[in-house]
Amino acid sequence: MTIHRVIRKVQRFQGWFGSGAALCLGAGLYLGLIGSPADYYQGEVVRIMYIHVPLAHTSLIGYTVLALGSLWYLWKRDPIVDNMCQAVAALSAVFTALALGTGMIWGKPTWDTWWTWDARLTSFTVLLLILVGYLMLRTFVDDPEKEARYGAILAIVGFVDLPIIHFSVEWWRTLHQPQSISMRGVSISSGLLVPLVFMSIGMSLLFSYMLMVRTQLLYLDRLLHAKKGRLLSQFHLSKSDS
Amino acid sequence: MTSFNVIRWIVWKDFVTELRSRETISSMVFFALIVILIFSFSFSMDQQAAREVIAGIMWVAFAFTGIIGLGKSFSSELQNDCLEALQMVPEAKGAIYLGKVAANFAFMFLVEILLFPMFVILFNLEVVEGISILLLIFFLATLGLSAIGTLFSALTVQIRAREVMLPILLLPLVVPVMIAAVEATKGALNGDPLAMYEQWLKLLAVYDVVFTVVSFWMFEFVMDS
């Protein structure tokens with residue numbers, strides 16, 4: 001059995017992504033934690049933003065990739081696209097959960113509360129719920145083809161829903177109370193921007209690297225199951241012959 | 001058979017089954033009554049407090065009962081392999097979807113109309129002026145719930161743990177419907193001018209159009225076997 005050509009490409013290039021991620025994240029962490037000044041208003045707490053913002057961006061990019069991959073799967077029905085979708089969904093869920101977690105840690109000293117029903121927080125929570133629902137759905141379907149198809153449908157419907165969820169939550173909050181804490185208006189200085197850019201690029205590279213490894217793993221797992229099925233049926237056939 | 005006939009026969013079939021078994025609507029109504037009862041215990045409301053939370057209680061009850069109806073919509077097709085028969089319909093699968101949406105919408109709307117007087121009596125609401133706008137809100141929000149709910153009812157019917165998975169998948173996706181329906185109902189019950197909550201009606205209308213189209217399209221892939 002030959003390895004899929006996409007997987008062979010991935011195997012050749014993934015090292016570059018991994019080391020690129022390590023370099024960017026290392027530089028970004030050094031600049032962010034040691035090289036850059038503390039924020040005038042927020043103090044040292046602002047440094048968690050260097051992790052929080054890239055996590056949030058990357059998880060949104062991940063969900064976009066999931067929706068596009070799902071469309072591609074429904075169109076071409078290539079199982080390797082589905083392996084990619086499953087990998088990207090799990091990674092996006094982890095990144096979304098980490099973004100929410102770091103946001104809460106930042107919110108406690110800054111807003112003096114762990115949680116507030118702010119528009120962005122609420123829509124990120126709904127995003128996490130949709131991703132976890134996607135992963136749960138996949139574990140409850142027995143047939144792999146059906147699992148891929150149903151997952152793709154949910155991902156596409158959720159992707160269409162996401163902007164509507166965001167708008168409705170934003171209107172809901174602004175009608176109830178003026179948003180008491182807003183990040184808008186706090187312009188960012190270049191001393192803070194440079195580490196943030198490094199961290200964003202590094203986090204995207206890390207996401208891509210993890211995606212490549214995970215896709216490969218799921219692909220090989222599928223090959224293994226296919227092989228096992230073939231061997232078992234050969235075994236039963238040879239037994240019934242004798 | 002043309003597609004329109006498929007829609008008509010599916011609606012007719014669902015109504016006849018419901019008339020003969022009386023399973024779905026009666027279980028929906030009784031479940032909703034229990035939800036109302038539980039809520040009124042857990043909030044111990046006076047009239048003033050009731051005005052604040054009644055719209056929310058109403059839509060939680062409607063959404064939960066709606067999920068019961070939606071779940072039954074396709075799980076009843078599992079008996080005697082009716083689902084395979086539906087998949088063999090030579091017309092476009094979208095016709096089956098539209099028929100099921102129409103039937104689900106009719107059941108949910110009927111249950112809401114039956115339950116609404118209960119809310120009026122139990123919580124002493126003033127509804128005479130706002131009744132037409134309330135009916136419009138019920139119509140739009142129920143259409144949104146049944147448009148996306150029918151798709152997920154069909155999707156979850158062939159998997160394990162379908163009773164659990166339908167609400168888990170559906171409720172996060174209908175967050176906009178719930179917010180818009182609650183806010184608009186609250187406005188209508190308080191007698192606010194329409195301009196204050198008009199945007200929620202528009203949001204509901206947009207949601208209905210978007211998700212009827214998307215679900216219509218995705219339904220082809222659900223039934224594809």
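How accessible is B:E23, and is this residue buried, partly exposed or exposed? The legends below work toward that residue in a predicted model.

**View 1. A salt bridge joins B:K72 and B:E23.** The N to O separation in this pair is 3.3 Å. B:K72 sits in helix α3 of chain B, while B:E23 belongs to the loop between α1 and α2 (24-43) of that chain, so the contact ties together parts 49 residues apart in sequence. To return to our opening question, B:E23 has 46% relative accessibility and counts as partly exposed.

**View 2. B:E77 reaches B:K13 through a salt bridge.** Here the closest N and O atoms are 2.6 Å apart. B:E77 lies in the loop between α3 (47-75) and α4 (82-87) of chain B and B:K13 in helix α1 (residues 3-21), so this pair links parts that are 64 residues apart in sequence.

**View 3. In chain A, A:E44 pairs with A:R47.** The closest N and O atoms of this salt bridge are 2.6 Å apart. A:E44 is exposed, with a relative accessible area of 52%, but A:R47 is buried, at 13%.

**View 4. Salt bridges link A:R77, A:E145, A:R149 and B:D224 in a network.** This network brings together residues of chain A and a residue of chain B. Over all chains, the count comes to 12 salt bridges.

How values were computed
Residues numbered from 1 in each chain as written. Chains lettered and ligands numbered in written order. Predicted model: local features only at pLDDT ≥ 70, side-chain atom pairs only at ≥ 80, totals over all residues. Heavy atoms only, no water. Salt bridge = Lys/Arg side-chain N within 4 Å of Asp/Glu carboxyl O. Buried < 20%, exposed > 50% of the residue type's maximum accessible area, 1.4 Å probe, protein only. Helix = DSSP H or I, 4+ residues; strand = E, 2+ residues; numbered from the N terminus.
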